[in-house]
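Thank you all for coming; I would like to walk you slowly through one structure. Please keep the view on the screen open while I talk.

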Amino acid sequence: MLRGKRVIVTGASTGIGEQMAYHLARMGSHILVTARTEAKLQNVVRRCLELGAASARFVSGTMEDTAFAQHVVREAQTSLGGLDMLILNHVGASYFGFFDGDVEHVRKLLEINFLSYVAMTTSALPMLKESEGSIVVVSSMAGKVGFPFTVPYSATKFALDGFFSSLRQEFTIQSINVSITLCILGFIDTERAVRAAAEVLRERPAPRDECALEILKGAALRRRELYYRYSSTRLPLLLRDCAAELLDYLVRSRYRLPAPPGA
Ligand code: NDP
């Protein structure tokens, strides 16, 4: 279903985004990848071409800058002549620990993890309307239920749910045939996530290449939400409305917490 489709993947120099680029390449898509690190993007593009991509190119820059986010979309218009799928996946660096009160960090993370997603969607919408294409938003369990130790990150992921779920409603009202797939991921074995959380999380991370493929399947099928893995995301979320405190407890019990002072 994705052969010959024109796709942007953000945050594709490493992790899940890189794996999505490789799957798309095997499927024969036209791929435009973006992130900050040019040398890594060059390698991703080379590998995509080896794997059979219809075409592969990159644009490097930071999503802290809204103008850059818009520039990436313009590049797709110029070089690909349109767009079928916009995969929003990049994520800015944050800390793993108790909220430290740094409001500026929250603001910066909102710019990278949320506002750039809004800016790219806005710029890409004319092309996506024309192709009756898809928007894929990579989010997290931390964007559906309160998670400790990732307060700024969780805030940005909850914001994505609010924006894109509301936008989906408006698309339906206006008969705009652009799908929005919100991806709710559990713990995945990317370097960043394993470095940050492997020692404190009790669960084993799921493989990033399988996760990437599940995202693309969900996107191709135009599903509204995608849960990966189902057992660690969708099933616990079923408790949210009927037993919210039990769900909070289950979330806390995923962590190896230090003993409270004096215990
Ligand atoms: P990685 O850290 O492996 O990749 C993040 C990507 O974003 C990199 O390509 C990085 O490249 C890019 N990036 C970082 N900062 C910026 C910036 N300022 N501007 C532009 N690009 C930037 O992340 P994962 O693969 O682990 O995560 C991918 C998505 O999956 C994220 O949205 C994340 O929230 C979500 N997710 C991941 C989970 C996990 O356990 N791994 C769990 C739940 C959700 P560069 O540094 O070169 O810019």
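This is a predicted model: local features need pLDDT of at least 70, side-chain atom pairs count only at pLDDT 80 or more; totals for chains, interfaces and linings use all residues.

Let me begin with a definition: a residue is called buried when its relative accessible area is under 20%, exposed when it is over 50%, and partly exposed in between, using a 1.4 Å probe and protein chains only. At 62% relative accessibility, Arg-36 therefore counts as exposed.

Residues are numbered from 1 along each chain as its sequence is written, and side-chain values use heavy atoms, with hydrogens and water left out.

Arg-36 sits in the loop between β2 (30-35) and α2 (38-51), where helices (H or I, at least four residues) and strands (E, at least two) are DSSP runs numbered from the N terminus.

Now to the salt bridges, meaning a side-chain nitrogen of Lys or Arg within 4 Å of a carboxyl oxygen of Asp or Glu. How many salt bridges does this rule give? The count comes to nine.

In one of them, the side chains of Asp-84 and Arg-6 meet at 2.9 Å, N to O. This pair links distant parts of the chain, 78 residues apart, with Asp-84 in the loop between α3 (66-80) and β4 (85-88) and Arg-6 in strand β1 (residues 6-10). Asp-84 counts as buried, because its relative accessibility is 12%.

Arg-208 forms another salt bridge, with Asp-189, and here the closest N and O atoms are 3.5 Å apart. Arg-208 lies in helix α7 (residues 208-220) and Asp-189 in the loop between β6 (179-185) and α6 (191-197), so the pair ties together parts that are 19 residues apart in sequence. Arg-208 is partly exposed at 29% relative accessibility, and Asp-189 is partly exposed as well, at 26%.

Glu-210, also in helix α7, pairs with Arg-229 in the loop between β7 (225-228) and α8, and the N to O distance in their salt bridge is 3.5 Å. Finally on this topic, Lys-144, Asp-161 and Glu-225 are linked in a network of salt bridges.

Is Asn-113 buried or exposed? Its relative accessibility is 0%, so Asn-113 counts as buried.
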